[in-house]
Amino acid sequence: METFIDVITTFLINQMDGEPVPPHNSAGLEQLGEAVKASQQASDHDLQLLAARTVGVVIDRVHSNIKAEQILRDFIQPGDRHA
């Protein structure tokens, strides 16, 4: 069973991947709404875990984008062995 933390972080990952917000009256939007409600009644510990996981998602995404950018830059630079 997914926790509210899993639902919210999965939603954020999907948004960073360019996926649309779940449509009105969909199961996905209902699940997200329930997760947000649960977060409003969560313990400080659970909120800290949500914050840490959210920051982790951002760091992972930025790190992977920086690596991809560097790989592309290395590939297209003049004199590169791939040219």
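Here is a chat that walks through this predicted model, starting with how to read it.

Q: Before we start, what should I know about how the residues are numbered and what kind of model this is?
A: It's a predicted model, so local features need pLDDT of at least 70 and side-chain atom pairs count only at pLDDT 80 or more, while totals for chains, interfaces and linings use all residues. Residues are numbered from 1 along each chain as its sequence is written, and side-chain values use heavy atoms, with hydrogens and water left out.

Q: How does the span of H1 compare with what it should be?
A: At 1.5 Å a residue, its 13 residues should span 18 Å, and the end C-alpha atoms are 18 Å apart, so the two agree. The expected span is 1.5 Å times one less than the number of residues.

Q: And what follows H1?
A: Gly18 does, with a positive phi near 85°.

Q: What does Phe4 touch?
A: Not counting residues up to four places away in sequence, Phe4 touches Ala35, Ala38, Ser39, Ala42, Asp46 and Leu50. Contact means heavy atoms within 4.5 Å.

Q: Ser39 is on that list. Is Ser39 buried or exposed?
A: Ser39 counts as buried, because its relative accessibility is 14%. Ser39 has its place in helix H2, and leaving aside neighbours within four places in sequence, it is in contact with Phe4, Ile8 and Leu47.

Q: What about Asp46, where does it lie?
A: Asp46 lies in helix H3 and counts as partly exposed at 27% relative accessibility. With residues up to four places away in sequence not counted, Asp46 touches Phe4 and Ile5.

Q: Switching topic: how many salt bridges are there?
A: The count comes to 4. A salt bridge is a side-chain nitrogen of Lys or Arg within 4 Å of a carboxyl oxygen of Asp or Glu.

Q: Which residue does Asp17 pair with?
A: Asp17 forms a salt bridge with Arg61, and the closest N and O atoms are 2.7 Å apart. Asp17 lies in the loop between H1 and H2 and Arg61 in helix H3, so the pair ties together parts that are 44 residues apart in sequence. Asp17 is partly exposed at 48% relative accessible area, and Arg61 is partly exposed at 22%.

Q: What about Glu69 and Arg73?
A: Their side chains meet in a salt bridge at 3.0 Å, N to O. Glu69 and Arg73 are 4 residues apart in helix H3, so about one helical turn separates them.

Q: Which residues form the nonpolar patch on the surface?
A: Met16, Val58, Val62 and Ile66 do, with about 330 Å² of accessible area together. Helix H3 (residues 44-76) gives the most, with 3 residues. Patches are made of residues with over 30% relative accessible area and no salt bridge, with like charges joined within 9 Å and nonpolar side chains (Val, Leu, Ile, Met, Phe, Trp, Tyr) within 5 Å. Accessible areas come from the Shrake-Rupley method with a 1.4 Å probe, and for residues only the protein chains shown count as cover.

Q: Last one: what is the phi of Asn25?
A: Asn25 has a positive phi near 65°, in a residue other than glycine. Asn25 lies in the loop between H1 and H2 and counts as exposed at 69% relative accessibility. Most residues other than glycine have a negative phi.

How values were computed:
Helix = DSSP H or I, 4+ residues; strand = E, 2+ residues; numbered from the N terminus. Buried < 20%, exposed > 50% of the residue type's maximum accessible area, 1.4 Å probe, protein only.
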